[in-house]
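The structure is shown below.

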There are 4 protein chains.
Amino acid sequence: MRSAPRGNAATELVKMLIAGGVSVDSLAAAPTIADIRLLARRRLPRMAFDFVDGGADAENTLRANVADLAKVTFDPRSLVDVSTGDLSTTVTGERMPMPLLLGPAGSVRIFGGDGELSAVRAAGKAGLTYTISTASSWSIEEIAAEATGPLWFQLYMWRSPDIVRNLVKRAADVGCTALVVTIDVPVNGKRARDQRNGMSIPPQVTLRNAAGAIRHPAWLASLLRGPAIGFRNLQGIAEGSSAMSHQEYINTELVNLSATWDDIAWLRREWDGPLFVKGVMSLDDAEQAARVGADGIFVSNHGGRQLDSLPSSISVLPRMVDSFGDRLSIIFDGGVRSGGDVLKAKAIGADAAALGRSWVWGAAAAGERGVERVIDIYRSELRETMILLGKTSVDQIDRSVVHFPSEWSGGRAGVRS
Amino acid sequence: MRSAPRGNAATELVKMLIAGGVSVDSLAAAPTIADIRLLARRRLPRMAFDFVDGGADAENTLRANVADLAKVTFDPRSLVDVSTGDLSTTVTGERMPMPLLLGPAGSVRIFGGDGELSAVRAAGKAGLTYTISTASSWSIEEIAAEATGPLWFQLYMWRSPDIVRNLVKRAADVGCTALVVTIDVPVNGKRARDQRNGMSIPPQVTLRNAAGAIRHPAWLASLLRGPAIGFRNLQGIAEGSSAMSHQEYINTELVNLSATWDDIAWLRREWDGPLFVKGVMSLDDAEQAARVGADGIFVSNHGGRQLDSLPSSISVLPRMVDSFGDRLSIIFDGGVRSGGDVLKAKAIGADAAALGRSWVWGAAAAGERGVERVIDIYRSELRETMILLGKTSVDQIDRSVVHFPSEWSGGRAGVRS
Amino acid sequence: MRSAPRGNAATELVKMLIAGGVSVDSLAAAPTIADIRLLARRRLPRMAFDFVDGGADAENTLRANVADLAKVTFDPRSLVDVSTGDLSTTVTGERMPMPLLLGPAGSVRIFGGDGELSAVRAAGKAGLTYTISTASSWSIEEIAAEATGPLWFQLYMWRSPDIVRNLVKRAADVGCTALVVTIDVPVNGKRARDQRNGMSIPPQVTLRNAAGAIRHPAWLASLLRGPAIGFRNLQGIAEGSSAMSHQEYINTELVNLSATWDDIAWLRREWDGPLFVKGVMSLDDAEQAARVGADGIFVSNHGGRQLDSLPSSISVLPRMVDSFGDRLSIIFDGGVRSGGDVLKAKAIGADAAALGRSWVWGAAAAGERGVERVIDIYRSELRETMILLGKTSVDQIDRSVVHFPSEWSGGRAGVRS
Amino acid sequence: MRSAPRGNAATELVKMLIAGGVSVDSLAAAPTIADIRLLARRRLPRMAFDFVDGGADAENTLRANVADLAKVTFDPRSLVDVSTGDLSTTVTGERMPMPLLLGPAGSVRIFGGDGELSAVRAAGKAGLTYTISTASSWSIEEIAAEATGPLWFQLYMWRSPDIVRNLVKRAADVGCTALVVTIDVPVNGKRARDQRNGMSIPPQVTLRNAAGAIRHPAWLASLLRGPAIGFRNLQGIAEGSSAMSHQEYINTELVNLSATWDDIAWLRREWDGPLFVKGVMSLDDAEQAARVGADGIFVSNHGGRQLDSLPSSISVLPRMVDSFGDRLSIIFDGGVRSGGDVLKAKAIGADAAALGRSWVWGAAAAGERGVERVIDIYRSELRETMILLGKTSVDQIDRSVVHFPSEWSGGRAGVRS
């Protein structure tokens with residue numbers, strides 16, 4: 001610690017300024033995921049930012065996801081020897097360095113740069129599992145080529161068994177260890193912001209959004225670099241018209257309104273590894289998932305992007321854990337914005353949390369470095385929160401360290417108990 | 001999906017702009033009823049917009065209607081074969097293509113254009129029931145002449161049995177299938193916004209609102225086209241002074257503070273078809289409605305326009321259904337702004353929902369096309385929400401798919417249980 | 001109703017403007033008490049407006065008074081013959097034309113004009129009881145000289161029995177029918193706004209508030225007209241220094257920290273008529289009031305101006321009524337802003353409501369005419385609300401027509417049940 | 001009271017202005033702690049203001065501390081003889097003139113002026129206990145030299161027993177009567193605002209915060225006066241690099257992740273006087289504190305600066321008092337901003353409250369005079385609130401005078417009862 005004699009004030013100010021330095025690395029200085037989101041917002045035109053930021057309809061569920069996580073409070077223990085701390089956990093036999101994985105997100109190139117490739121590289125460096133989305137803007141193989149960590153593959157149960165079988169086989173071929181089948185998108189949710197912004201996939205520049213696009217030339221140039229944005233996973237196996245929008249194509253060609261749990265049972269036979277069912281919000285669906293042999297579920301309302309007025313993910317987690325925690329691995333997703341949020345889900349009984357918007361904001365803010373920063377933030381928050389809770393391993397974190405509203409436990413439907 | 005080689009960035013931008021197109025049809029691009037409302041607000045001077053948007057006194061009930069619907073959450077089922085979906089339902093023997101009807105609204109010409117005529121045409125195209133208001137700015141016969149779908153007739157129990165009998169007979173003559181008698185307007189509610197704006201019927205331009213009127217010349221011109229705005233249903237049978245305002249005339253000449261359930265019993269004998277009592281918020285009134293032989297009730301607080309500090313409509317619906325669902329058809333009205341809201345009411349046990357402000361906003365925004373757009377929004381939201389709930393028919397939608405606050409069930413009055 | 005042929009649009013607009021008229025009487029056009037408040041705000045410099053509008057400390061209680069009244073909802077009955085309606089009620093044997101009285105407020109000349117004289121004249125015209133405040137800016141006799149309706153007298157239990165006896169005797173001499181002794185001002189509450197504004201009694205113009213005073217010259221002139229603002233009731237019997245501020249004088253010369261229920265028992269012997277104890281918020285104090293022979297209580301937290309963090313008045317009313325409704329008359333005060341609020345208190349079991357800020361805002365807005373307008377608003381809201389509740393007399397209004405939060409009933413202290 | 005004849009209006013205005021005076025002493029005119037905070041904000045650049053004002057992460061706990069105190073309401077008694085009032089109380093045998101002490105805060109010179117020296121002088125004048133922080137910007141001895149009232153010493157259980165023993169011995173040597181050992185800082189909480197502002201200890205001027213620093217030259221000059229800001233208590237016993245930031249140094253050199261309750265047991269043997277454990281939020285930790293022989297605990301979440309999403313301090317106080325009130329002295333800290341807040345904690349069962357931000361804001365606003373003003377505000381608020389509650393001694397204030405939410409009593413963890 002300095003205690004040198006002090007000089008003249010003006011001189012001192014200049015010295016301080018020199019010592020303080022002129023670093024303006026806003027990414028490194030961004031302390032929280034909320035700050036990363038703001039960096040992403042600055043880089044993107046509204047049509048692109050809203051595409052990741054927005055939710056379905058009135059966005060009740062989107063808000064509830066975040067607001068309800070804030071209602072969970074901690075009951076910490078102090079003066080525990082926390083000189084050693086183990087953030088790692090095991091999910092369906094797979095060791096994870098943190099109770100955290102990068103959940104599926106598609107069309108990430110829309111946010112500029114390399115999209116999914118940036119994220120899978122950053123995940124690999126951290127040893128985190130990355131989930132390839134069927135709807136990613138790079139193919140399974142292109143993403144896998146950049147991966148140095150574990151991969152999972154997210155699957156839509158599209159109309160053609162051939163397409164599904166093709167995707168599953170390719171996922172196996174590149175070494176994906178688990179399959180995550182999404183069940184909450186029989187139709188696309190209604191994203192009011194996208195409609196207002198004239199947003200489509202591939203993005204189209206219209207009078208409605210041209211001004212925003214032109215004000216972000218770096219973003220626009222990035223869109224025009226590389227292959228056109230679309231479903232590269234379906235290239236060669238499912239040909240759509242170039243004029244057809246993302247939503248149109250999905251709604252008319254791929255979605256399968258007839259899919260049932262029998263199809264998951266069939267998938268179960270096709271796939272040897274761990275199988276997760278993603279988008280489970282009712283106890284009935286969890287029961288079905290267990291019945292057809294799924295290894296786990298994602299308790300998820302699709303980040304508030306599908307059916308609006310679903311309850312928050314965290315508010316249904318206690319019942320899910322109480323009813324199925326012994327039979328199913330449970331991945332939590334919905335509103336996670338901090339390491340504390342991850343540990344709230346873990347304490348209630350989830351095995352791990354999946355990130356969605358968090359890593360996409362990172363990619364949008366600064367590509368691979370952005371996703372690395374996001375992972376760093378989560379890692380240090382997890383470590384710090386675990387220490388402050390008085391635990392030396394995330395697997396010790398259980399309900400003894402949290403409080404949550406009593407109405408989150410109890411009855412199944414109808415009147416809220 | 002395109003994967004053509006990419007050209008020069010500037011050329012590409014121009015191409016995208018051309019491909020994106022220059023459509024600026026704000027009606028077609030309006031994704032939600034909230035957007036339609038904003039279009040209406042742009043078209044109308046404040047005095048007219050507030051006339052439909054506002055409620056009574058401090059507008060506690062107006063806000064509660066919307067806020068409480070957001071407290072209902074869904075408990076969905078996935079992986080149900082929803083390839084077929086049936087939105088139709090039956091209310092008092094009448095088949096409806098959706099669990100939705102256009103409820104009564106009067107003086108619609110105040111919002112410009114053809115008023116009720118636009119709406120009845122749009123309803124007809126969709127096969128939706130349209131409810132003619134006694135206070136409509138066109139006569140029963142004028143509206144019926146434009147109708148191609150079912151009609152109901154809304155009736156005030158005014159002082160003179162002759163006037164009432166005249167109205168009922170005319171409604172029968174034009175083929176109205178059901179009668180909806182409004183019981184919650186013994187006096188007009190106090191619409192503070194209208195008083196602040198100097199709003200009356202017919203609208204008067206005063207120093208207080210002249211600026212707004214002049215800034216909306218299309219609206220002003222539309223007012224001046226066609227017949228003067230007033231109660232055309234009463235022309236020839238009840239003559240008021242031309243100088244008397246709407247509210248004065250109703251309060252002094254028509255309202256019947258002596259009306260009782262005996263009058264409904266009398267009306268029951270006068271009318272053969274289905275009879276609904278509109279404006280039922282207490283279990284006692286529902287009991288009376290059943291006693292005098294009504295077929296159904298509208299659970300309604302008049303959109304928060306009559307007695308302020310009534311509870312929200314949705315919060316009294318569970319008790320109504322539990323007590324009278326087996327004896328009365330129940331139409332829900334109050335705060336409905338989306339297909340999801342309609343299905344919340346349906347799930348709790350209403351037979352259908354009646355739209356009020358929604359369709360008036362549509363008419364104000366773009367006349368007949370505006371109401372069509374409103375109906376399209378509801379239809380697609382109903383279909384999508386039903387699919388996401390895992391149901392193939394709206395009639396399957398019951399309490400197993402919703403949660404609501406426990407205090408909405410239970411005791412009758414006094415302390416809230 | 002007009003149906004004359006329509007002329008040219010521009011001509012028509014001019015005709016409408018002429019017909020609409022150029023009235024700009026903002027008082028007559030003010031539909032609610034909230035509007036009257038805004039008129040008062042426009043007329044007053046901030047130091048004066050805040051003196052009536054503000055509350056103690058963080059103003060938690062001030063806000064709770066209003067917010068909790070909005071939590072009471074109505075359970076109405078329709079189709080009751082309400083062609084006759086009786087707003088009158090009886091409190092301690094005194095017939096009141098409405099369940100409403102003008103509660104005590106002092107120093108009203110600070111808000112310009114005639115202060116209390118305006119109010120007592122307006123109350124007299126309506127036959128409403130006016131409560132003379134000990135701290136009024138006119139003497140008991142000066143106010144009584146203008147009164148044409150019933151008078152009550154509000155008393156502080158000041159240090160000197162001689163002063164108290166003098167005041168009580170004078171109140172009796174001018175014909176006051178009831179005595180209202182205030183018990184919640186052993187010291188003045190801390191009005192943070194007044195301290196920020198440099199407000200005192202008599203008001204002083206300082207650098208802190210001079211700008212506001214100068215921008216309201218009519219207000220300033222009105223202050224300078226007539227006698228200096230001070231405690232005219234104490235003139236001749238208690239002489240303070242002219243330099244001493246209102247608060248200083250009260251705190252040093254008059255307040256009586258030693259007052260106990262024995263003093264009320266003494267007062268009970270001194271005064272033959274009805275005796276009310278004002279400022280009762282605990283069941284213990286109500287018990288004491290009954291014990292010493294009071295006829296009634298004001299359930300009141302002094303409008304949030306004394307002890308902050310008191311519960312809202314309405315939230316303690318149910319327990320008060322349940323425990324003492326059969327032994328004490330109960331006047332409700334705190335947050336009343338509409339006829340509906342009055343009927344909520346009446347329904348829970350209060351005998352009448354006392355107005356405070358409402359009538360002071362009226363006086364500040366437009367003197368006697370302003371108070372008349374306030375009374376008119378309450379009268380018409382009371383009448384309309386009673387009709388919409390399906391009652392023909394305010395005395396029929398009981399708990400069958402209201403819901404309120406269940407935690408307002410039950411236990412006495414400590415944990416909120 | 002003046003009743004002199006009134007002169008001409010303009011003359012009168014000038015007279016009033018002269019009489020009113022031109023005092024602009026904003027400190028004396030600041031009525032509440034919230035006003036003192038605003039004065040501090042005006043004096044400080046954002047980086048310094050946020051350092052005291054901010055909390056950890058999303059600041060959920062910071063907000064909850066204040067919001068939950070507002071949920072406690074009073075149940076007062078009137079007409080008690082309160083002519084004598086005793087604010088004094090006894091904590092672990094030490095007489096306090098008010099149930100209030102200055103809790104530990106470090107690095108106070110960052111807010112300008114003399115920092116801790118100002119505060120200890122002001123505390124001494126009022127006879128209040130001042131808690132010297134290990135991290136203070138003056139040494140134990142330098143602070144003690146200015147003290148005229150009781151001193152406590154706050155201790156971190158740093159890695160080296162020698163350093164700890166050295167600090168404890170010095171505290172004893174200067175006459176500290178109690179030891180307060182902080183247990184909730186095994187690592188520093190994440191202060192997002194500080195990271196955004198580029199705030200460190202000693203403060204560094206960087207491009208990110210230079211503008212703010214330059215706009216507050218008095219503050220900057222004050223920083224440069226006197227010794228460099230750092231841990232003067234560690235000078236000579238623990239040498240850090242001059243380039244190392246506060247947080248780095250603490251995290252790498254001093255923090256002791258291995259500390260356990262055994263270390264407190266050891267400390268208990270080292271220190272004869274009263275021993276408090278600060279940062280207890282769980283019943284388990286309170287149990288441990290009692291077990292190892294602590295005399296008391298600080299129920300504290302470190303002002304929301306350590307683990308975010310801890311419950312508010314006040315919401316855990318009832319359970320703490322119910323379980324340990326008979327075995328441990330309980331100091332309350334977290335969100336206290338008024339005398340009323342202190343009495344809420346006292347009523348629930350705390351022995352006294354410790355101030356944190358309150359006195360630091362005072363020091364930042366006006367040095368010693370600012371802290372004196374803060375103490376004066378608390379004293380007068382305590383006195384006034386006690387009178388309005390009808391109590392003559394703070395030690396009479398118990399649960400009979402408060403209500404609080406029922407969920408604050410009851411179960412230990414997991415589901416909130």
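Predicted model: local features only at pLDDT ≥ 70, side-chain atom pairs only at ≥ 80, totals over all residues.

Helix 5 of chain A contributes Ser118(A), Ala119(A), Arg121(A), Ala122(A), Ala123(A), Lys125(A) and Ala126(A) to the contact. From helix 16 of chain A come Trp359(A), Gly367(A), Glu368(A), Val371(A), Glu372(A), Ile375(A) and Arg379(A). By class, the residues of this contact are seven nonpolar, two polar and five charged.

## Helix 2 against helix 16

Helix 16 (residues 357-389) of chain A also meets helix 2 (residues 33-43) of chain A; their axes come within 10 Å and cross at roughly 165°. Helix 2 of chain A is therefore roughly antiparallel to helix 16 of chain A. This crossing is right-handed.

On the helix 2 side of chain A, the contact involves Ile33(A), Ile36(A), Arg37(A), Leu39(A), Ala40(A) and Arg43(A). Their partners in helix 16 of chain A include Trp361(A), Ala365(A), Arg373(A), Val374(A), Ile377(A) and Tyr378(A). The residues of this contact comprise 11 nonpolar, two polar and three charged.

## The largest cavity

The largest cavity has a volume of about 330 Å³. Its lining consists of 29 residues, and those nearest its centre are Ser78(A), Ile183(D), Asp184(D), Val185(D) and Pro186(D). The lining divides into 18 nonpolar, eight polar and three charged residues.

Key: Residues numbered from 1 in each chain as written. Chains lettered and ligands numbered in written order. Heavy atoms only, no water. 1 Å grid on protein atoms, 1.4 Å probe; cavity = no way out; pocket = protein on both sides within 12 Å on 5 of 7 lines; lining within 4 Å. Points joined across faces, edges and corners; volume = space filled by probe spheres on them. Nonpolar A, V, L, I, M, F, W, Y, C, P; charged D, E, K, R; others polar. Axes fitted to C-alpha atoms, helices over the stretch in contact; angles between N-to-C directions. Helix = DSSP H or I, 4+ residues; strand = E, 2+ residues; numbered from the N terminus. Parallel < 35°, antiparallel > 145°, perpendicular 65-115°, else oblique. Left-handed = near helix turned anticlockwise from the far one by under 90°. Contact = heavy atoms within 4.5 Å.
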